[in-house]
Amino acid sequence: MSLDAHGIAEVLDEIARLLELSGENPFKIRAYHAGARLLETLTDDLDALIASGALAEKPGIGEALADKIAKLRKDGRLDFLDRLRASLPPGLPAILGIPGMGPKKTRRLWQELGVVDLAGLQAACEQGKVAELKGFGEKTQAAILAGIRNREAYGKRHLWASVEGVVTTLLAGLRALPQVARAEAAGSFRRNRETVGDLDFLVASDEPGPVMDWFTVQPGIVEVTARGQTKSSVRVEGGLQVDLRVVPPAQFFFALHHFTGSKEHNVAMRQRALQRGLSMSEWGFTAVGAAEAPGAATEADVFRALGLPWIPPELREGQGEIEAAEGGALPRLLEVGDLRGAFHNHTTASDGKSTLEQMAAAADALGWEYLGISDHSRTSAYAGGLEVERLLAQVSAIRALNASGRFRVRVLSGSEVDILKDGSLDYPDDILAKLDVVVASVHASMQLDEEAMTARIVRAIEHPLVHILGHSTGRLLLQRESYKVNLAKVVDAAAANGKCIELNSHPRRLDMDWTHWRRAAEKGVLCSINPDAHHADHLAYVRHGVAVARKGWLTPDQVLNTRPLDDVLRWLRRR
DNA sequence: GCCGTTTTCGGCCCGACTGTTTTCAGTCG
């Protein structure tokens, strides 16, 4: 069975783990991880890259990795991997998932105690054998047991939106402390990743002691895992790890840059610093040669010292942002205030919780010029999908509402029409033609193979009455994988047919993923930031979509709903 | 395993914290 890019990335990560356990060269291990990261953010059609030999041209991919990736794509397996797996107990890699357990300790427990899996590790700890080993002790043994006990919670990622409250509360508390000059949340949260593994807080202060004292006793903390001079780590309910680092004010912006990451971005920045005779760390620059090491009074100063303009955190993913900054080609990123409306929203007519009027009022409150109502179509019966009669009644109601002048916003009548299994749509053309806006989405038959699913979606995109492709992969973050679909081909179809692809802004969808937008926009595909609101309050979800759009390098002119009403109506009617 | 105005071998980003040590290895980010 063949693997897709995501599956191959997982295999490369597995190889890296196995090599670690084998005691391999750390740089070789890094190369496998780097290959995995590249595949995860790949937007080209993988098959085309393999066929043309262009895969080995990608940074970090050489002949060896390109060859292995091609084999995995074709066969889904690799002799090299089979041999590697056979050389180690199959339960060993799982031990690496326990905090504090790395390859060296895992190997020693295997070789000296015969520990080959988590169950064996737990038994060895409970019998006190681990604490007796040289280099281990009671605390290590207890930490391993806690790690095994909590491995589900500790290994979990968290939706960006679900940790936002913790961030807001802690930042407000930190900033209120008299010893604190500045406080920021860094890490993947600051980079607007759709999910985060942990939270990183950074504080500028000359008196770290009282800050640490305050931090480690906050409500909701279930475990303090580290308490040092400049760094403390805690776990809050749900297993989320929260790190706090306190640095002197003069180092704050170096530390903020460092802990914002990503790792790939930081590596590239440090290499760039070295080219300029500067060694770079979270503490600042150190002159390697004759050069003088500059300080930083803002984060922009850190970049300026390396001959770069400030790079927005969302772009710091090692995706060419440094090259773009150097060439003066950083985009003017989309902002929430650029939006003038949205197209995909539900009402009580299907599975929404707010009425048409409540939705219009909420749009007015946001100052929007237009609001698309796109309730479910008849096949989505589970969601109260509208039969043709009810849809036509809604069209009339919307027309009447617009004529009444009760709201400033122009309500657009639409539908989130189901893309049926064969790629046809859930309403006949003469009905769709009566709508202002047609969003087409997949809601059922998600188990199709990649070829069939891609053909199905492409057929919908090619339908002349469709404006926007809704949530193009169907993923639910941390809950359901995307269906199998070749997004490169979907993007190409949208470009060829002048269609818009939705950026579904529901915090659990954020679909299409940020990694695909830059290339899609370069191909001329328009983006539509849609809240997919099922309640009037959900219109505000667009800010999550904007966050993802920014990660995808999108500028206002690449997003349909930044345009004024007249332009939007013209675009919608040209079909 | 990757990569190249330090080129085809020998490098590859940097530092804090912990536990178990008595100077440091391992892990983590």
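Helices (H or I, at least four residues) and strands (E, at least two) are DSSP runs, numbered from the N terminus. The views show a predicted model, in which local features need pLDDT of at least 70, side-chain atom pairs count only at pLDDT 80 or more, and totals for chains, interfaces and linings use all residues. Residues are numbered from 1 along each chain as its sequence is written, while chains are lettered from A and ligands numbered from 1 in the order in which they are written.

**Figure 1. The surface near DNA strand B.** A residue is near the strand if its C-beta atom, placed from the backbone, lies within 6 Å of it. Of the 43 residues around DNA strand B, those that come nearest are Gly62, Leu65, Gly102, Gly137 and Gly228. At least two residues of this surface are supplied by each of α2 (26-40), α4 (63-75), α7 (103-113), α10 (138-149), β4 (198-204), β5 (221-227), α16 (263-275) and β8 (278-281). Helix α16 gives the most, with five residues.

**Figure 2. Helix α19 and its buried face.** In α19 (residues 356-366), Leu356, Met359, Ala360, Ala362 and Ala363 are buried, that is, 20 or more other C-beta atoms lie within 10 Å of their own; a residue with 12 or fewer is exposed, and one in between is partly exposed, with C-beta atoms placed from the backbone. Seen down the axis of α19, the buried residues fall within an arc of 160 degrees, so they line one face of the helix; the arc is that of the directions from the helix axis to the C-beta atoms. These residues pack against β11 (370-376), α20 (388-404) and β12 (410-418). Just after α19, Gly367 takes a positive phi of about 80 degrees.

**Figure 3. The largest nonpolar core.** Such a core is a set of buried Ala, Val, Leu, Ile, Met, Phe, Trp, Tyr and Cys residues joined through C-beta atoms within 7 Å. This one has 74 residues, and Leu371, Ile457, Cys527 and Ala549 have the most contacts inside it. Helix α23 (residues 487-497) gives the most to this core, with six residues. A second, separate core of 35 residues includes Ala9, Leu55, Ile61 and Leu92.

**Figure 4. The loop between β15 and α24.** Most residues other than glycine have a negative phi, and most peptide bonds are trans. Leu510, in the loop between β15 and α24, has a positive phi of about 45 degrees although it is not a glycine. With 28 C-beta neighbours inside 10 Å, Leu510 counts as buried. A cis peptide bond joins Asp511 and Met512, with omega about 15 degrees.

Conventions. Contact = placed C-beta atoms within 7 Å.
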